[in-house]
Amino acid sequence: MPYTNHLNAVIAMTMGWMNPQPPLPPQVLEFLSLLGYLDLQTHTLNRLTPGKLIWYTYCRGQQGIHFTSGLPYSLLDLLSASHMEHIEPILLAWILPPGTTAQQHLWKATRFAGMISTRRIQQGHRSSCSTTTTHVTSISNETLVNNILVSIQQCLEVVTEQSAQFKQTMIYPLVTAAALGNDLSVTSKNFIRVTIHNLASERNHVLYAGILDVINEFWEGEVATIEDTARRRNVELCLL
């Protein structure tokens with residue numbers, strides 16, 4: 001059963017129990033922020049259930065760093081708005097808050113991945129609406145992928161071995177880059193494989209090994225998107 005089935009059940013119970021209305025008490029906001037992070041439409045490929053837009057609806061406007069993800073609240077606010085037409089240039093213009101060198105590199109990689117996710121999500125929305133609107137982009141996917149991989153490499157050079165929880169946030173930009181197989185060199189693909197394999201050795205072994213299997217099948221096959229590969233397997237790719 002897809003994990004988002006369970007997530008949506010928890011969200012439904014939470015909405016009935018809490019009936020969240022602003023201003024939200026701190027404990028309610030903290031719990032909704034956890035659910036909202038798990039619900040981000042950028043972080044699940046081939047989602048098999050409807051997204052609930054929990055973060056976008058209830059959790060925007062917080063200050064500082066989100067404890068679970070290690071990402072700035074301001075960046076999560078933008079990722080939660082990836083369905084909005086205007087969001088890509090805002091992501092590009094987003095100013096990184098103060099942080100360690102490792103954090104800065106990871107946040108950059110996540111920002112660039114968010115721009116790619118925004119294009120994917122909005123293309124899906126346009127397709128479902130049968131619209132012919134053309135999406136104008138100022139930065140190519142290839143450039144965004146290169147920026148992601150450079151940022152991840154720089155992050156790995158300075159992050160400590162003890163930072164397993166911090167490093168798990170790398171899976172989202174890595175898989176987002178992997179999903180653009182046509183824009184990847186052999187060297188880039190090998191870097192992604194090795195990095196995800198190493199992450200799987202440290203944390204979430206079964207989940208990350210499964211993600212890597214899907215990536216390899218996508219690269220070796222003839223399907224158009226990594227979501228097509230996940231769809232053939234009837235799995236969701238949870239990038240958390």
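**Figure 1. The largest nonpolar core.** Among the 68 residues of the largest nonpolar core, Ile-148, Leu-149, Leu-174, Val-175, Ile-192 and Ile-196 touch the most other members. Helix 6 contributes the most to this core, with 8 residues. A nonpolar core here is a set of buried Ala, Val, Leu, Ile, Met, Phe, Trp, Tyr and Cys residues joined through side-chain atoms within 4.5 Å. Buried means under 20% relative accessible area, exposed over 50%, and partly exposed in between (1.4 Å probe, protein chains only). The model is predicted: local features need pLDDT of at least 70, side-chain atom pairs count only at pLDDT 80 or more, and totals for chains, interfaces and linings use all residues. Residues are numbered from 1 along each chain as its sequence is written, and side-chain values use heavy atoms, with hydrogens and water left out.

**Figure 2. Val-175 and its contacts.** Val-175 touches Leu-45, Ile-196, Ile-211, Ile-215, Ile-226 and Leu-239, leaving out residues up to four places away in sequence. Contact means heavy atoms within 4.5 Å. Both Val-175 and Ile-196 are among the core residues that touch the most other members.

**Figure 3. Ile-116 in helix 6.** Ile-116 sits in helix 6 (residues 101–129). Helices (H or I, at least four residues) and strands (E, at least two) are DSSP runs, numbered from the N terminus. Ile-116 has 8% relative accessibility, so it counts as buried. Its contacts, apart from neighbours within four places in sequence, are Asn-141, Leu-144, Val-145, Ile-148, Thr-176 and Leu-180. Met-170 is 54 residues from Ile-116 in sequence, and their C-alpha atoms are 15 Å apart in space.

**Figure 4. Gln-168 between two helices.** Gln-168 belongs to the loop between helix 8 (164–167) and helix 9 (171–178). Is Gln-168 buried or exposed? Gln-168 counts as buried, because its relative accessibility is 13%. Residues up to four places away in sequence aside, Gln-168 touches Thr-68, Arg-203, Asn-204, Tyr-208 and Leu-240.

**Figure 5. A cis peptide bond at Pro-23.** The bond from Pro-22 to Pro-23 is cis, with omega near -5 degrees. Pro-23 lies in the loop that links helix 1 (3–18) and helix 2 (26–38).

**Figure 6. Two asparagines with positive phi.** Asn-46 is not a glycine, yet its phi is positive, at about 60 degrees. This residue is in the loop between strand 1 (44–45) and helix 3 (54–59). Asn-46 is buried, with a relative accessible area of 5%. Asn-234 also has a positive phi, near 60 degrees, and is a residue other than glycine. Its loop runs between helix 12 (226–233) and strand 2 (237–238). Asn-234 is exposed, at a relative accessible area of 56%.

**Figure 7. The chain around these views.** The chain has 12 helices and 2 strands. Its radius of gyration is 17 Å, close to the 18 Å from the globule rule for 240 residues, so the chain is as compact as a globular protein of that length. That radius is taken over C-alpha atoms, and the rule is 2.2 Å times the number of residues to the power 0.38. The C-alpha atoms fill a box of roughly 50 × 45 × 35 Å along the principal axes. Of the 240 residues, 49% count as buried. Among contacts between residues at least 6 apart in sequence, 65% join residues at least 24 apart.
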